[in-house]
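Visitor: I have a protein model open and would like to walk through it with you. Could you take my questions as they come?

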Amino acid sequence: MTNEIPDAVPAEPITEKIALAWTHTTRFLTTASQLIHLPATDLPEIAFVGRSNAGKSTAINTLAQQKRLAFASKTPGRTQNINLFELGPKDAADALFADLPGYGYAAVAKAAKMRWQKVMADYLEVRRSLSGVVLMVDSRLGLTDLDKQLLDFVAARISSGEIKLLVLLTKADKLNRRGADAILRSTTDYLAELSTESSDVAVTLFSALKKSGVGDVALALREWVLAHRLPDAVAGAEPDQPTD
Ligand code: GDP
């Protein structure tokens, strides 16, 4: 028997334009205050996380090319929720974005901080459909202790390659070239600890103001989603046998 793949679908030639057309389809799906209230899904889910004020809502709106989309997440009563967005054709969504509560806001009481930790840890450790994390970090601050704590929650799944990680160094327009290079280097160095042969970890400068990095990020997320669907396509295939 030969190993021909029947009915092979030609690979979609992804360009930034196609990826941005895809992120433009982002629409609000639902909001939940607890993990158990999130709908179970087989769609690949990409979580957006970051400190309050890191530029998360602006980044989501910029990627979606919609002015107020992620600000739905800032409406009273929803700021501590997980807000889900759907992407792809209206009748055939192919991915979800999850906007997770911003953290690190100094005025939040200890009880609320504990609750945040639990929501985040639960979500990042057990959400089965989670296939990627986009961490927004203010490029002038770099990774803070809370960002590192969040990465700890998900480190094992990143190292194994189950979950991909993209760190956006936001508001890059506020840095000069030297400053940008320095933060890019120190963040890359820190993340090297999470990287293994199987992992997919990247860092990029991002500016919603200057629209820099936007196409690259859309492309990266589109590629994550297409890659995520591959295992289904070969689900019936025999696993490779060890040769010795
Ligand atoms: P969130 O709390 O993480 O959702 O942060 P926001 O998206 O609300 O952004 C926080 C602040 O940073 C707002 O005043 C934004 O206008 C500003 N901001 C966001 N992205 C950029 C950017 O690319 N460049 C600059 N200069 N400011 C930005």
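Visitor: Is helix 2 mostly covered or mostly uncovered?

Guide: Helix 2, which spans residues 56-64, is mostly covered, since eight of its nine residues are buried. Buried here means under 20% relative accessible area, while exposed means over 50% and partly exposed lies in between, with a 1.4 Å probe and protein chains only. Helices (H or I, at least four residues) and strands (E, at least two) are DSSP runs, numbered from the N terminus.

Visitor: Which residues of helix 2 are the buried ones?

Guide: They are Lys 56, Ser 57, Ala 59, Ile 60, Asn 61, Thr 62, Leu 63 and Ala 64. Helix 2 is then followed by Gln 65, whose phi is positive, near 55°.

Visitor: Before we go on, what sort of model is this?

Guide: It is a predicted model, in which local features need pLDDT of at least 70 and side-chain atom pairs count only at pLDDT 80 or more, whereas totals for chains, interfaces and linings use all residues. Residues are numbered from 1 along each chain as its sequence is written, and side-chain values use heavy atoms, with hydrogens and water left out.

Visitor: Okay, on to the ligand: which residues come nearest?

Guide: Of the 16 residues around the ligand, the nearest are Asn 53, Ser 57, Thr 58, Lys 74 and Asp 173; a residue counts as near if one of its heavy atoms lies within 4 Å of the molecule. By class, this shell has four nonpolar, six polar and six charged residues.

Visitor: What lies 2.6 Å from an oxygen atom of the ligand?

Guide: That is a polar side-chain atom of Ser 57, and Ser 57 is also one of the buried residues of helix 2. From the backbone, an N or O atom of Ala 208 lies 2.8 Å from a ligand oxygen atom, and one of Leu 209 lies 3.2 Å from a ligand oxygen atom. The ligand taken alone exposes 570 Å², of which the protein buries 74%, where accessible areas come from the Shrake-Rupley method with a 1.4 Å probe.

Visitor: And how many helices and strands does the protein have?

Guide: The protein has six helices and seven strands, and along the sequence they follow the pattern α-β-β-α-β-β-α-β-α-β-α-β-α. Buried residues make up 43% of its 244 residues.

Visitor: Which residues of helix 1 are buried?

Guide: In helix 1, residues 16-23, the buried ones include Ala 19, Trp 22 and Thr 23. They lie on the same side of helix 1 because they cover an arc of only 95° around the axis, the arc being that of the directions from the helix axis to the C-beta atoms.

Visitor: What about Leu 124, where is that found?

Guide: Leu 124 is found in helix 3, residues 110-126, and it is buried, with a relative accessible area of 0%. Leaving aside neighbours within four places in sequence, Leu 124 is in contact with several residues, among them Leu 130, Phe 153 and Ile 163; contact means heavy atoms within 4.5 Å. Leu 124 and Ile 163 are 39 residues apart in sequence, and their C-alpha atoms are 9.6 Å apart in space.

Visitor: Last one: is Leu 226 buried or partly exposed?

Guide: Leu 226, which lies in helix 6, residues 214-233, counts as partly exposed, at 21% relative accessibility. The C-alpha atoms of Leu 226 and Ile 14 are separated by 9.9 Å, although these residues are 212 residues apart along the chain.

Key. A polar contact is a pair of N or O atoms within 3.5 Å; within protein, one must be able to donate a hydrogen and the other to accept it, and residues adjacent in sequence count only if both atoms are side-chain atoms. Ala, Val, Leu, Ile, Met, Phe, Trp, Tyr, Cys and Pro count as nonpolar, Asp, Glu, Lys and Arg as charged, and the others, Gly among them, as polar.
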